[in-house]
Every structure is written in C-alpha cells, then in structure tokens.
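Me: Could you take a close look at one part of this structure for me, the way its helices pack and what sits around them? I'd like one connected walk-through.

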Amino acid sequence: MEEMGYRNFNAIRQLGQMGKFSKMRADGTLSTSNSALLLLTYMASVTYDWDTERNCPTPDAKAKGYPCRYYKRGAETFAYDYGKLGISPEQAMSENAQEYIEKRKGAANQEFKRSITTLKDWGVIKQLEHAKNGKPAGYLLLLGDDEENRAVERWARQCLGLPMVW
C-alpha cells in the first residue's frame, strides 16, 4: 500500500505557490496562518489520496470504499499527535495535574476551531458531517479545481452514505 496523503500534500504545495493561503494585512504585507496550514497538512497526511491524473479514487481507496481527502479524526487526535496536550514534569507531579491537562485541551480545541474557520474561509475544506454523539465532525479537503473537488465530494458522499446535494 502506498503512503497516504503524499498526493494531497503536493496539492497543498501547489495551492500555496498560487497564493491561496496568503492574506493581506492592514499594513499592506502578506501573511498566512501557520496554525491553519499545520492543520491542513496534517489532515492531508492522514487522509486517503485522490488520483489527480485520472480524477478518481486511488485503487486502494476504491477497492476498500474509503472516502478520499476526508478528515474525521477531530481536534484531540491532532492535538495529541503534535504534542499540544503535554504538560511539564512539574505540572504532572502537582495536585493540579488534571487541571493543567484540561487547560491544554481547551486551548488546543480553541486553536483547532480557529484553524477550521480559516480553512473554510480559504475554501480548502468543507464540512460534510457535524459532530454528533461524541464523534468528531467530518471535513472534505478541497485541494483541486472545481471539477476535481466535485468528483472528490461525490466519491466521499457515496462512501459515507450521505445524500448528493448539487
């Protein structure tokens, strides 16, 4: 099986080179949200690739019926994988260790939400499923042109049993 996400990551690089993630500041300089880019690259690395050359799922995703470019791991998994939930040894040994952990979780969750909003504003993700019964929301990565993004969404909706909305 090929490594997941490498094609997705290449698509992100191309979007970045086109200025997709740049924002004009009030002082006239361009900036970007590093936190949102980190989340987007993480999402791309842990989701199934899309075959951009043929505009269809990769053979592995197709054979298993896996949605491509679909992220549903949530904020806590992202925070854990990037060490955003860690506390110092002193904090871990204190009576307030659980309080420190909860504060870290809260801060990581807020950062995740801000980044999700930024990614939606950039037009590179679309929420297909809302968080429900303790399960995280599901986001489709929109890393191609309009035709490719529609094909990716059709495939994801088919795999997930979601209605087609066009």
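Reply: Before the numbers, one convention: axes here are lines fitted to C-alpha atoms, for helices over the stretch in contact, and angles run from 0 to 180 degrees between N-to-C directions. Keep in mind, too, that this is a predicted model.

Start with helix H2 (residues 34-45) and helix H6 (residues 97-122): their axes come within 8 Å and cross at roughly 80°. Angles of 65 to 115 degrees count as roughly perpendicular, so that's what H2 is relative to H6. On the H2 side, the contact is made by Ser35, Ala36, Leu37, Leu39, Leu40 and Met43. Facing them from H6 are Glu111, Phe112, Ser115, Ile116, Thr118, Leu119 and Trp122. Sort the residues of this H2–H6 contact by type and you get nine nonpolar, three polar and one charged.

H6 has another partner to look at, H4. The two pack at an angle of about 110°, with their axes 9 Å apart, and are therefore roughly perpendicular to each other. Here Gly74, Ala75, Glu76, Phe78 and Ala79 in H4 meet Lys105, Ala108, Asn109 and Phe112 in H6. That contact splits into five nonpolar, two polar and two charged residues.

Now zoom out to the largest nonpolar core, which has 24 residues. The ones with the most contacts inside this core are Leu40, Met43, Tyr71, Leu119, Ile125 and Leu141. Elements giving two or more residues to the core are helix H1 (6-17), H2, helix H4 (74-81), H6 and strand S7 (138-141). H2 gives the most, with six residues.

Leaving aside neighbours within four places in sequence, Tyr71 is in contact with Tyr42, Met43, Val46, Thr47, Phe78, Phe112, Ala137, Gly138, Tyr139 and Leu141. There's also a second, separate core of 13 residues, which includes Leu128, Val152, Trp155 and Ala156.

Arg69 isn't a glycine, yet has a positive phi of about 55°. Arg69 sits in the loop between helix H3 (59-64) and strand S5 (70-71), and is buried, with a relative accessible area of 0%. Asn133, also not a glycine, has a positive phi near 50°. The loop that holds Asn133 lies between strand S6 (125-129) and S7.

Methods:
Residues numbered from 1 in each chain as written. Predicted model: local features only at pLDDT ≥ 70, side-chain atom pairs only at ≥ 80, totals over all residues. Heavy atoms only, no water. Helix = DSSP H or I, 4+ residues; strand = E, 2+ residues; numbered from the N terminus. Parallel < 35°, antiparallel > 145°, perpendicular 65-115°, else oblique. Contact = heavy atoms within 4.5 Å. Nonpolar A, V, L, I, M, F, W, Y, C, P; charged D, E, K, R; others polar. Core = buried A, V, L, I, M, F, W, Y, C linked by side-chain atoms within 4.5 Å. Buried < 20%, exposed > 50% of the residue type's maximum accessible area, 1.4 Å probe, protein only.
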